[in-house]
Structure formats: C-alpha cells, structure tokens
Amino acid sequence: MTRTELPTLHALAVELGALRTRMEAVSLDVHARPELKFAEHHAHQVLTRWLAEAGFAVTDQVRGMDTAFVAVHEGMRPGPYVALLAEYDALPGVGHGCGHNLIAAGAVAAALAVVRALPAHPGTVAVIGTPGEEMGGAGKVRLAEAGVFEGVDAALMFHPSDRSVTTQRALAAAHLRIDFTGVSAHAAKSPWDGRSALAAAQLFLNALDSLRQFVPPTARLHGIVADGGQAPNVVPAHAAVELYVRDRTTAAAEALVERVRAAAEGAALATGTAVAVSETGPMYAERRDSAVLAERFGRAVRELGLDIAPGEPDEPAGSSDIGNLSQLLPVIHPYIRIAPPGTPAHSEAMREAAAGPFAHDRTEIAATGLARVAAELLLDGGLLAAARAEFAAGRAPA
Ligand SMILES: [Zn+2]
Ligand SMILES: [Zn+2]
C-alpha cells in the first residue's frame, strides 16, 4: 500500500504557480466569450480539453445537459470522493459580471494541483461542470436529479466578490411566471369588449407592493413585466410577470408564494381575466455551508495572505443552486474579493475586474485553498468525519 503524505500548503501553492499561465488563459478565454445558461459550449470545450489533457476521465454531458461534464481522476486505492465545482455561465447584457470564468478556471486548476502534488492519492478527485447557475437555471439541481452527486463526500467551490468571507447565508428563492389572459379588442372603438391582461398585471404588481409591508423583512419580492401587450391600439389579451420570491428558508418562501398566488388570482378576478402561475425553474434552497470545511479553507488562504472571516448572518444575500446541494452533502462556497469593496455583483465593473491581474492573483490563492481542503479530505479521515457529523447535526429535526 502506498503511503501518501499530506502535501504542504507551500507544495500546493507551487503547483498552482505552475498552473497559473494556463489558468489565466482559460479564464480570459471564457471571459471573452460569455455564454448564457445551458449554452456554454465554448467554455465546456475549453475546460474539458484541459482536464482530458491532464489525465482526467471526462464524461462530457449529463442526461441531455450538453454543457455539463464530470471529470474524474481515480486514485490508487479506495477513499473519499471530493468534487470541485465549476460554474461558467454569463449574464445577458453584462457578460461575465458574476466572474464565473474565475470559478471555472480556478476549480480545474485546484483539482490539477491536487493530483500533481498527490499522484498516488486515494479516492476520487473530480471537477463537476455545473452549467446554468444564473437566471434560475438550477444546473446543480438537475445534475443532482441525474445522480451525479451520489457518492460525492464533499463539494468545494469559491465565488468572486467585492469582499472575502468563508461562509455566507443565501436565501431560498422561487422563480415564478404569472401569465394573465384577457380578451383583445380595439382600444378606442370598443374597449368594453376587451379584458386587459396588462391591467391585471399592473394590479398584481400593485398588490405585491401593498403586500410588501406585511412580509418579514428577510423576504424579497422582485420582478419584471415580461409581456405587456403588443400594440397600444389593442387591448392586451396576454401579459406576463416574472417574479422571484425569496426568504430565509424554503418553507418561508413557499408560504409567501401562496400569498403571491392569491394576489394574482385577485388581480385576475378584478379585471375579468384568467391567471396561471407557474415555476420557471426549481426552487433554490437556502444555503448551509459546512463551517468545518470553510474554516479549513479560511485557514489556508489566510496563510497565503488573504484576510477572510465568516460572513455576518444578517448581511443582504442572494440565492444560488449550491443551496440545494448544501441540503444533500457538505459544501463550501466562500467568497473571495477580486474587486474594490462596493463593486456590485452582476455589474460591468465586476465584469472588468474579473478579467484583471488582481482577480487572477486572488483566484490562484482561492484555488490553492480549495486544493488544500480537497487534499485534507482525501487523507485526513477525521476531517471528513467532522464534516459529516456537522452535516448530520444540521439535518436533525429541531
Ligand atoms: Zn455567480
Ligand atoms: Zn450571479
């Protein structure tokens, strides 16, 4: 049996240094060709090619998801299965304003560093390509439904930000579409023959504003008019609102969805229209970071000179499909500052920062931290046991 020593942080940092040029080139390549959810074909190709060249066995699609992949490096003997997660989708208008190019290149670099520093590692080191995180795509939920995370002991990723935190609350989020159907008519000659779906949508949005004072301060209701009619001289027969409903827990968000549904039905009743409420994607669950693993990550990146601590529980938060995974297995999703404090997420400023040298310096550190946690999970049974115990305790009924 091969004895394997835990590589020092320094040894992993040296590997990341050697991988830096390719990591940065891949990141900039992905950044320069932003692709929306489930259409990330270029990123998929660039990432899987790099992994295949490095000796990973690549499955380059998962149950009809063309831009998902699973790349595994099997060890010399049985052991834990540790996955690094790569996101690589961009946003309409702002391209890589969420910096997923850094997540993707950093995840691959971290996995490569582990297998280079630990060629005789036990268990499995994987990079799982999780497309469609933005715009309610729920790529990770679909991958979980396809069984990709069965047998995975821990999933690790980092996310770029304007500040560094090891853990951060994220909200549960429902993604709704509310379709109103009325009756079209000439808007001047015979409007009384029509029933305006747009009027229903307006009334519905006003109802949400009236509701807002009477929901918990942790809740968020926000949306757009996705369809407001076709022409000013036609009473709109169709109108649609797309809406996210968020709160701290899935149960709270679900309860709020029922009140939103009632508001939609009320607006339809008042305007003589019909309404259909549907989900545009799966509910995003609240996030439950593994504090045990996040602290190990924090310890590593602090040693590399990065200032990081757990996030404040009451800080404003978004949502991500990593929340759903965090209900299934231990995960970490630390944020790493790659831009000046105050730089908004999903902005042009964040997009520009995500292509800069500072962002790549920080991604190198983050990838080293992820590699260190992965190596510890492979070799230190005590750490995996602690993460499992924490996970089980979090799932215990209150
Ligand atoms: Zn993101
Ligand atoms: Zn985002």
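This is a predicted model: local features need pLDDT of at least 70, side-chain atom pairs count only at pLDDT 80 or more; totals for chains, interfaces and linings use all residues.

Reply: The protein is divided into domain 1, residues 9-170 + 287-395, and domain 2, residues 172-284. Helix α6 covers residues 250-271. With 22 residues, α6 spans 32 Å from its first C-alpha to its last, close to the 32 Å expected at 1.5 Å a residue.

Next, the sides of the helix. Buried in α6 are A253, L256, V257, V260, A263, A264, A267, A268 and T271. Viewed down the axis of α6, these buried residues fall within an arc of 135°, so they line one face of the helix. The spacing has a simple background: an α-helix has 3.6 residues a turn, so residues three or four places apart point the same way. On the face of α6 turned away from its buried side are the exposed residues A251 and L269.

Just after α6, G272 has a positive phi of about 70°.

Now back to the two domains. Their C-alpha centres lie 36 Å apart, and the contact takes 16 residues from domain 1 and ten residues from domain 2. Between them the domains bury about 900 Å², with 46% of it on carbon and sulfur atoms. On the domain 1 side, G136, R169 and S319 lose the most area to domain 2, together 45% of what that side buries. A salt bridge joins the side chains of R248 and D314, at 2.8 Å from N to O.

Conventions
Residues are numbered from 1 along each chain as its sequence is written. Chains are lettered from A and ligands numbered from 1 in the order in which they are written. Side-chain values use heavy atoms; hydrogens and water are left out. Helices (H or I, at least four residues) and strands (E, at least two) are DSSP runs, numbered from the N terminus. The expected span of a helix is 1.5 Å times one less than its number of residues. Buried means under 20% relative accessible area, exposed over 50%, partly exposed in between (1.4 Å probe, protein chains only). The arc is that of the directions from the helix axis to the C-beta atoms. Domain bounds come from an automatic or database domain assignment. Contact means heavy atoms within 4.5 Å. Buried area is the accessible area (1.4 Å probe) that two parts lose on being put together, summed over both. A salt bridge is a side-chain nitrogen of Lys or Arg within 4 Å of a carboxyl oxygen of Asp or Glu.
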